Amino acid sequence: MATTKAKKAETETTEIAEESALNELFIDELKDIYWAEKHLAKALPKMAKAATSDELRAAIETHREETENQITRLESVFESIDEKASAKKCEAMEGLLKEGESIIEDTEDGSITRDAGLISAAQKIEHYEIASYGTLKTLAATLGYTEAADLLDATLQEEKKTDGLLTELAEAGINQNAKSEKK
């Protein structure tokens, strides 16, 4: 009986959450990051091609594969809350991707300075994603969407790992080598 009572309370809480303004915000933010991830997946091959170091190129290519999986995971998040996966233009990601394109255009092809710039652009993207997924995970938990929260946390951990890898690449030599490059 206690289990039935707890399940009924959980169902009622979820029904209230589904009708809340917070739930609407959550879905809106999901649509935003869904757009962001889809557009990032399209931009990453260009960033990888522009990279000079093999290590940075490999890191970007690996993250492109992760991004494709994250898109699929987001579709599972939408499914878990009985929503159709749809995208809403993410102005923030659009700006971050334009900044990355600008770095490619403004740096010399084959330079380590370009790699330092690509790392900068990529980390800005990662930090945006970390903030987005952290917020979404918290909102999902607050709304009682346990499965969604777990899926979002998996992506959050991947984004943190990628950010750490980018820092390692910068500190392991890219920034030092770029420092000695002439204009």
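**Reading a helical chain**

Mentor: In this predicted model, residues 24 or more positions apart account for 80% of those contacts in the protein chain that have a separation of 6 or more.

Trainee: How many helices and how many strands are there in the protein chain, and in what order do the elements run?

Mentor: The protein chain has six helices and zero strands, so that, read from the N terminus on, its elements run α-α-α-α-α-α. Along the principal axes, the C-alpha atoms fill a box of roughly 75 × 30 × 20 Å, and of the 183 residues 42% count as buried.

Trainee: Which residues in α3 and α5 meet?

Mentor: Leu 56, His 63 and Leu 74 in α3 meet a set of residues in α5, namely Asp 115, Leu 118, Ile 119, Glu 126, Glu 129 and Tyr 133. Sorted by class, this contact of α3 with α5 has five nonpolar, one polar and three charged residues.

Trainee: What span should the 32 residues of α5 have, and how far apart are its end C-alpha atoms?

Mentor: The expected span is 1.5 Å times one less than the number of residues. For the 32 residues of α5 this gives 46 Å, and the end C-alpha atoms of α5 are 46 Å apart, which agrees. Just after α5, Gly 144 takes a positive phi of about 85°.

Trainee: Which residue has a positive phi although it is not a glycine, and where does Asp 82 lie?

Mentor: That residue is Asp 82, with a positive phi of about 60°, and it lies in the loop between α3 and α4 (91-106).

Trainee: Is Asp 82 buried or exposed?

Mentor: A residue counts as exposed over 50% relative accessible area, and Asp 82, at 69% relative accessibility, therefore counts as exposed. Lys 38, whose place is in helix α2 (residues 21-50), is partly exposed, with a relative accessible area of 33%.

Trainee: What separates the C-alpha atoms of Lys 38 and Glu 126?

Mentor: Their C-alpha atoms are separated by 14 Å, while Lys 38 and Glu 126 are 88 residues apart along the chain. Glu 126 is also one of the residues in α5 that take part in the meeting with α3.

Technical notes. Residues are numbered from 1 along each chain as its sequence is written. This is a predicted model: local features need pLDDT of at least 70, side-chain atom pairs count only at pLDDT 80 or more; totals for chains, interfaces and linings use all residues. Side-chain values use heavy atoms; hydrogens and water are left out. Contact means heavy atoms within 4.5 Å. Helices (H or I, at least four residues) and strands (E, at least two) are DSSP runs, numbered from the N terminus. Ala, Val, Leu, Ile, Met, Phe, Trp, Tyr, Cys and Pro count as nonpolar, Asp, Glu, Lys and Arg as charged, and the others, Gly among them, as polar. Buried means under 20% relative accessible area, exposed over 50%, partly exposed in between (1.4 Å probe, protein chains only).
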